[in-house]
Each structure stands twice: as structure tokens, then as C-alpha cells.
Amino acid sequence: METKESPFQMYTSHKTTVNCKQQTPSLTTKPGRCHPSWDPPPAPTGAASAADPRRGPTTHTKYMQVTETAMDFLKMITVENQGTSVTIALLLIFLALLYWYSVFPYSILARCGIRHPKPLPFFGNMFLFRQGFIEPHNQLIKQYGRVCGYYLGRRPVVLVADPDMLKQILVKDFSSFPNRMTIKAATKPISESLLMLKDERWKRVRSILTPSFSSAKMREAGIMVPLINAATETLMRNLNVYAESGRSFDIHRCFGCFAMDVIASVGFGTQVDSQNNLDDPFVHHAQKFSSFTFFRPFMVVFIVFPFLISPLVGLIPNKSRDEMNSFFTSCVKKIIKQRDEQPPSQRRRDFLQLMLDVRSGQECAALEQFDVVNQADEQVPSHRGATAGEDPCGEAPRPVQKRMMTEDEIVGQAVLFLLAGYETSSSTLAVVCYLMAIHPECQEKLQREVDDFFSRHDSPDYDNVQELKYLEMVVSEALRLYPPGFRFARQVERDVTVNGVFLPKGATVEIPAGFLHRDPEHWPDPERFLPERFTAEAKASRHPFAYLPFGAGPRSCVGMRLAQLEIRMALVHVFRQFSLVASSETKVPLELKSSVTLGPKNGVFVRITRRGTGAEDPSQV
Ligand code: HEM
């Protein structure tokens, strides 16, 4: 008879091997294994085998056999019991290790003196954020102070809402915080985009891209302005349909389509009308980008067991992601091929072409020029035509480094338009319209400025929209109250002390711009919509790091100028031709979602009416 091995016994068999030597001769073992087998016992020897006259040899033999069998059985049970004990011991060790794994990171913040809510084993405080981040951020800061923390799964996060500390982290001590939080689940082409790149690769790609987003490029005739104008024409036609119907409608959706048309045109060299052409494959695939959420089952598993991400992320089937990635990759690669075959004069002047031009040029920017928000990129002219051996970015001489972008990186940057520019721009446009609808006196003031603008100019461009000071104040105040980039992060690269707070290597610093923008310490009556907060004098009297809609420092939003141009061009046309009116469907206050970006949760419903300004033809933009 063979005993069955449980998987666990197989695991413990080396222990029984040691015991094999101690087994009685009757408990035989088969070669190569240690389990006792039920082979007949060898003949008894010595005194114990002498015949007993009272029982007779047969009874005696039987007795001996039974005894030996019982002994063998008992010994077997002991071995089995030893196996069970080992099983239990290992199970206990496993549970102890699991418990240790589930709680061991949760002393880091306390050891740094950073106050935080009590974390749950494995999950930390992640369940605080099930409904979004903005409210929990406010609550955490209220309860634990302007520098406090929480655990996102096992990751310690330090919330910093102190403008002095932020200046240090984002600008002065940038080298200790050069990267964003690592997202290991990101795959190509998103992982190749500037948002996700790290260290030297980020620096190289950003140095190449910065000149493409410069004000010189924005104002260069025939690049961005005509492309945005074409998308604005479509927007006006679509809005006109709602004006004629007199119905309340979701203007956020219309701006989503407009932002998509701009991205398709500027980033992918493709003309679409996403409002009327939902079946367009570009629109169809691009819409999948905004469906990301933290609380997908796999994301939760990855937050709890982050070491599983790298081996598993490629193995877990994700048809939608794979389709989306291959669509955008082949789309961009096809265009690159077409452009390379065209003579230079016939190539469409869009952002994709600017990136392709970079392949043959040497134009790039140095780290000190990366700060778009503080206009650092405008202060130092970009270099051109550096010779081999010289660093074209004006940094200290070092071995020749190729300032090139691979095809994958070019695809990554095109996808970046969708990632960074779609929701941010469309939400900003929608909340400006919402605020104008519920503040008609501000809307009238804005319309007066716009009418005055069109008395002097035929159409908006990068330079003349800078004249629209009230529009600028309205957009700035809208971005204060509803900043789409309401939270952004930096990884702590090495142990560092900032303004007396110790930040451990590996922690994440999170900047709660949503809280900062409504902090009563910097903003009197913070809930009120007051564009006058952004007059030149008011701005000069405030801490500059209390307002961060586009971030700050070398890693600030590279697309800021493009976003501002797109937003102002669209709004100038909207308020020239239409007035916005709150309807019974307009939700006041606005319902917000705040997972990846901050924006309207269930759309922005308003009514729209045509103005009698002479600009009757909606396609006349
Ligand atoms: C209203 C519109 C926009 C807002 C509010 C916005 C806001 C932001 C914020 C807050 C950040 C993080 C900055 C930091 O970490 O310091 C950021 C980063 C970034 N944004 Fe924007 N953004 C907008 C539009 C755009 C557009 C249209 C693009 C187009 C390409 C873009 C490209 C980027 C990129 C590439 C980064 C990462 C920069 C880097 O890591 O080097 N953004 N944006």
C-alpha cells in the first residue's frame, strides 16, 4: 500500500529523510523516498522470538506481528504528526510574515514626525479616496495640519500645503525631487510620454520639447493658430444648433469635443469633428483614455502588492488598452512615414511636425529654461547648431549626447496631448462658462471687452489675445476655484530636510493645489468668484506658490501656453456670439469629480442665446 503525499508533505520530505536513519528495521523505505512502506516485517530475532509454550508459535507470531504493526502504525503517526506540526509552524510563520508585510511600512511617517490617520493593514488609507481626493485632502489638512501624510496602499505620501516649503521642493531643491510618482502599470506609448519619463530620459525629451511649446512657436505664422481656429469654427457651428433649439444642454460635452478636435489636429495631424462623428476611430479610441479609475480590482491588488505589477502587467489581458495603444502607435507611425515622403514645403505645420523637425535640428533648452510658469524658458534664448562635443543645451561641457527622440518617444508625446491636454482644457472651458452663466454681471463685462477687441482685430492670435486682461482674470479665477491639476506629485529621491521637515527617500510629496487655492490664509472669502483677485497688484501682494494651476519649477506644465491660447481663442468666439444663461438644470454648486483631474462630475448644463453683435454667421470666426 502506498501512502499519498500531500503537497505540503512533499515540501517537508527532506525532514523525513533525516529521520529515515532512526526508523526501525521493520519500517522499510523505498530507495529515493523516506515514506515507510507496508512491506512484510523481517523475521523476529533473539529473546523476543523464542517460542511461548502457553500460546503456541502461531499465536505468538500473530501477537508479535500485531504489536509490530501497531508500533509501526504509531511511528507512522508520529512522522505524520511531525509533518502536521511543520505544516502548522510554517503556516504560522507565513501568517506572521504576511502580517509584518501588511503593517511594516506604516511607521515611516510617524518616525518623521508627520501626522496621519491610522492606516489599515495592506491598504493604508486608500479607502479615504473612494469618492475622489479633493474633500479628503481638505479634511486631512484641517485635522493634521498643512504638512501631513497618509498611506496610499503601502506608499507613504506627504501632503505639503505650505507655499514656502513648496518653493523649496519644486524649484530650489529640484534635484532632490526630479520625478513624479512612478506608475509601474503604465505601458508604451504612455510610459514614453513626458508626464511619465524619469531622470535623464525626461530631461533629454523635455529639453527637446520645450522650444516647441515656446511663445515663439505659438506665435509663428501658420502653426498653432490656424489649427485651433479650424476647431473653433466647428465648435461655433455646434453651439449654434443649441442656441436655435433654446434647450438647456451640456456645454462640457461640447468643449470635450472641441478639445479632442484640437488634439487630433495639433498632435496627430488629423482633422475630426468629434461631436458629429462619434464613429471616427480617433474619437472612439481617444474616449477610452478618460475611463481610468483607481478602484478597479487589479489596481487595488497592485497597490497592495506593488511588486506584482512588473511581472503581471504585460500578462493580464487588456483588450481595450492594447487596441488603443496599437491604434495610436500605428496612426502616428503612418503619418511620420507620409511626412518623410513629402517635400518640406508641403508638410502640415503642426506639433507632430515640430517634433519631427527636431530629429534633424539641434534646438533644445537647458534645465534652467524648463520652468514655463515663471517664463524661464523665455529668458534664455534656445541654442541652435551646437557643434559636436559642445552641449547644445548650454550646460557644463560633457561627452557628446544625442538630443534625439526615438519613434516610440514621438508617439508617446503625441499621446501626451490626450493624456495632459484633453480633460484639463475642456474642464477649464466648461467651468468658465458655468461661472459666467451664474455671474451675469461678469459675463457682461467680459462681452464688452470682447466686443472692443473685435473692433480692433479681425481674429484672435497668440499676441493679440494677451490684450484681453479681463478674460485672463476670469480664466485665472476659474482655475483657482476648479484647478484640473488639483493634485500633482514629486518622488523624494534622497533623504532630505525641507524647512525643518524630514522627508525620507522613496516617499511621495503631494501638492494639494485644490486646497491651496482656497486656503483662507491666502485668499480672503475663498469660496467667492472674484476675478479681481488677479489684477497685477493683487498678484504681487500674494505668495506666488499659493496659486499653482500649472505647477511650478522645471517640471511644470510644458503645455501651459498652448492651453491658454486654445482656451482664450475659444472663449473669445463664444462670448462674441453667444450669451450663457443658467437654467433649471444648472447645478449650483457644481458637482465635482476629483480622481485623476478635477472637473464637472455630471456635465455643465446651461442655455445659450445668440447675441445681436453683427457676427451672425457662426462659421465666421
Ligand atoms: C488648462 C489646461 C491645463 C492645465 C490646468 C494643466 C495643468 C498641469 C499641471 C498642474 C501639471 C503638473 C505640473 C507640475 O508637476 O509641476 C501639468 C503637467 C504637464 N502638462 Fe499640463 N495642463 C494643461 C494643459 C496641458 C496641455 C494642453 C498640454 C499639452 C501638451 C499639457 C502638457 C503637460 C505635460 C507634458 C506635463 C508634464 C511636464 C513634465 O513632467 O515635464 N498640459 N499640467
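Two strands count as paired if DSSP finds at least two bridges between them. In this predicted model, pairing of this kind gives an open sheet of 4 strands, with the order β1-β2-β7-β4 and mixed pairing. The strands β1 (147-152) and β4 (488-491) stand at the edges with a single partner strand each, so one side of each has no neighbour in the sheet. On average, neighbouring strands are turned by 30° against each other, direction ignored.

Helix α4 (residues 134-144) touches β1 and β2 (155-160), and its direction makes about 130° with that of β1. Helix α5 (residues 163-172) touches β1, β2, β4 and β7, and its direction makes about 125° with that of β2.

The largest nonpolar core has 135 residues, of which Val 160, Val 432 and Cys 433 touch the most other members. Helix α16 provides the largest share of this core, 19 residues. Leaving aside residues up to four places away in sequence, the contacts of Val 160 include Val 147, Leu 166, Val 509 and Ile 511.

Among the buried residues of α13 are Met 324, Phe 328 and Ile 336. The buried residues of this helix pack against α9 (251-268), α10 (281-286), α14 (351-358) and α16 (407-438).

Methods: Residues are numbered from 1 along each chain as its sequence is written. This is a predicted model: local features need pLDDT of at least 70, side-chain atom pairs count only at pLDDT 80 or more; totals for chains, interfaces and linings use all residues. A residue is buried if 20 or more other C-beta atoms lie within 10 Å of its own, exposed if 12 or fewer, and partly exposed in between; C-beta atoms are placed from the backbone. Helices (H or I, at least four residues) and strands (E, at least two) are DSSP runs, numbered from the N terminus. Two residues are in contact if their C-beta atoms, placed from the backbone, lie within 7 Å. A nonpolar core is a set of buried Ala, Val, Leu, Ile, Met, Phe, Trp, Tyr and Cys residues joined through C-beta atoms within 7 Å. Axes are lines fitted to C-alpha atoms, for helices over the stretch in contact, and angles run from 0 to 180 degrees between N-to-C directions.
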